[in-house]
Amino acid sequence: MTFTNGDAAAASLNKVPTVNFTKLFIDGHFVHSVSGKTFETIDPRTGDVIARISEGDKEDIDIAVKAARHAFDNGPWPRLPGSERGRILLKWAELIEENAEELAALDAIDAGKLYHMCRNLEVPAAANTLRYYAGAADKIHGEVLKMSRDFHAYTLLEPLGVVGHITPWNFPNTMFYIKVAPSLAAGCTMVLKPAEQTPLSALFNAHLAKLAGIPDGVINVVPGFGPTAGAALSSHMDVDKVSFTGSTQTGREIMQAAAKSNLKQVSLELGGKSPLIIFDDADIDKAAELALLGILYNKGEVCVASSRVLVQEGIYDEFEKKLVEKAKAWVVGDPFDPKVQQGPQVDKEQFEKVLSYIEHGKKEGATLLTGGKTVGNKGYFIEPTIFSNIREDMLIAQDEIFGPVMALKKFKTIEEAIKSANNTKYGLAAGIVTKNLDTANTVSRSIRAGTIWINCYFAFGDDVPFGGYKMSGFGKDHGLEALHKYLQVKSVVTPLYNSPWL
């Protein structure tokens, strides 16, 4: 493992923008919170304060929901032709690309994400997400139904209404658009609460929405904390749906709040403990690269991180050696440095959580092959960490760590691999590395997870539905399935008189 925090990184700090948007965005305007309270957002590279952000609370959520309700019930957005909504979304996509450097820099300083990955991959992907749903906005159609009686029937697909979005801190900009784009295309209005750790890009995106021509009240962004703003949104009687990405425990609380309030619809994308299964016929070098990418991309703060790597015994020893060599060469440091492969964990709490799991792994008897220590004398950097000799009852084999920590395990047979892969309460994703089509087919159909990647990993796409099985949640992001989450079906029936046929 190499640590860099030198001249290139220091020079690149010139790219860090001035933070211009720190207030709540409600009904088309940036406003102070009712209480006047603010909270700090922290740079995880240093632990220093970037800015103070207006802190939304129940009263602010009430105001934002009222604005969204008025925009839905009386405003133009749900009543525009889909093609016109699409035109505005396309304009917004152009604005994303024009402001790509600033959006990338905001996520780098706020979340510790790699600037060059944000600039070259994640921000352009967000623009393309808007374009995908812009193209779908005028293709929302019901069906004509042939009834067996003297009636004519058809269905309408109508926007649900006011949606509450609660987004996570690991992909702030990406998740903003994964939530907002399909719900806007459907004709909904919304209140979005970004994670309190990473509010900066969400507020900048609200500014871009205004520039693109999104009508006032359609999008409202209220930074705040889960137990206050998040709870108020989840339990609000005038919110028709909540879409949440985050922890399983918070997902439970949101479902309870929805049930106890107005029985609003809920979709949840929750935790994961995803297995990557590598068979004897795999290319060992490529498999090691894939395994490392699967756990170290975005410093392991990925819901589908391949935190459990299962390797068939015939190649295990050589694979382990290659894996450790590559991990030791992995570059950790300032996310603005283009040579860096891994930045800091998002905040001190997450940093300490990951370190505590590393200690659990040691105490429970796993073998620490590499890593396990902090890096540098400031910020929240952790070495790439690999454990072997894993028992399936260990915490590091069962819990979602959300950090650069891999549990490496040997297996003999396909049946053993499938059993081990499914031995988790989660079911978000899995990977398979093999040259044997029969093996790939058998294993992909046997693992209870929402996405299976064969000889690849992190192969996301706007047209590919993504969501979990088991305690990883329900409801899909991406694809037309995501669009339909924000629509409801209305059946319309009228009598037929003197018709020559039914």
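Sixteen is the helix count and 26 the strand count: the protein has 16 helices and 26 strands. The model is predicted. Along the principal axes, the C-alpha atoms fill a box of roughly 80 × 60 × 40 Å.

Of the 502 residues in the protein, 57% are buried. Take the contacts with a separation of 6 or more: residues 24 or more positions apart account for 75% of them.

Now the surface. The protein exposes about 20200 Å². Carbon and sulfur atoms supply 52% of that area. As for charge, the protein carries 53 positive and 60 negative charges.

A disulfide is a covalent bond between the sulfur atoms of two cysteines. How many disulfides does a search of the whole structure find? The search finds zero. C118 shows why in its own case: the closest cysteine sulfur, in C303, is 16 Å from the sulfur of C118, too far for a bond. The cut-off for a disulfide is 2.5 Å between the sulfur atoms. C118 also counts as buried, because its relative accessibility is 2%. C188 has a relative accessibility of 0%, so C188 counts as buried. The threshold for buried is under 20%.

Methods: Residues numbered from 1 in each chain as written. Predicted model: local features only at pLDDT ≥ 70, side-chain atom pairs only at ≥ 80, totals over all residues. Heavy atoms only, no water. Helix = DSSP H or I, 4+ residues; strand = E, 2+ residues; numbered from the N terminus. Buried < 20%, exposed > 50% of the residue type's maximum accessible area, 1.4 Å probe, protein only. Contact = heavy atoms within 4.5 Å. Areas by Shrake-Rupley, 256 points an atom, 1.4 Å probe, with all protein chains shown as cover. Lys, Arg positive; Asp, Glu negative; His and termini not counted. Charge placed at Lys NZ, Arg CZ, Asp CG, Glu CD.
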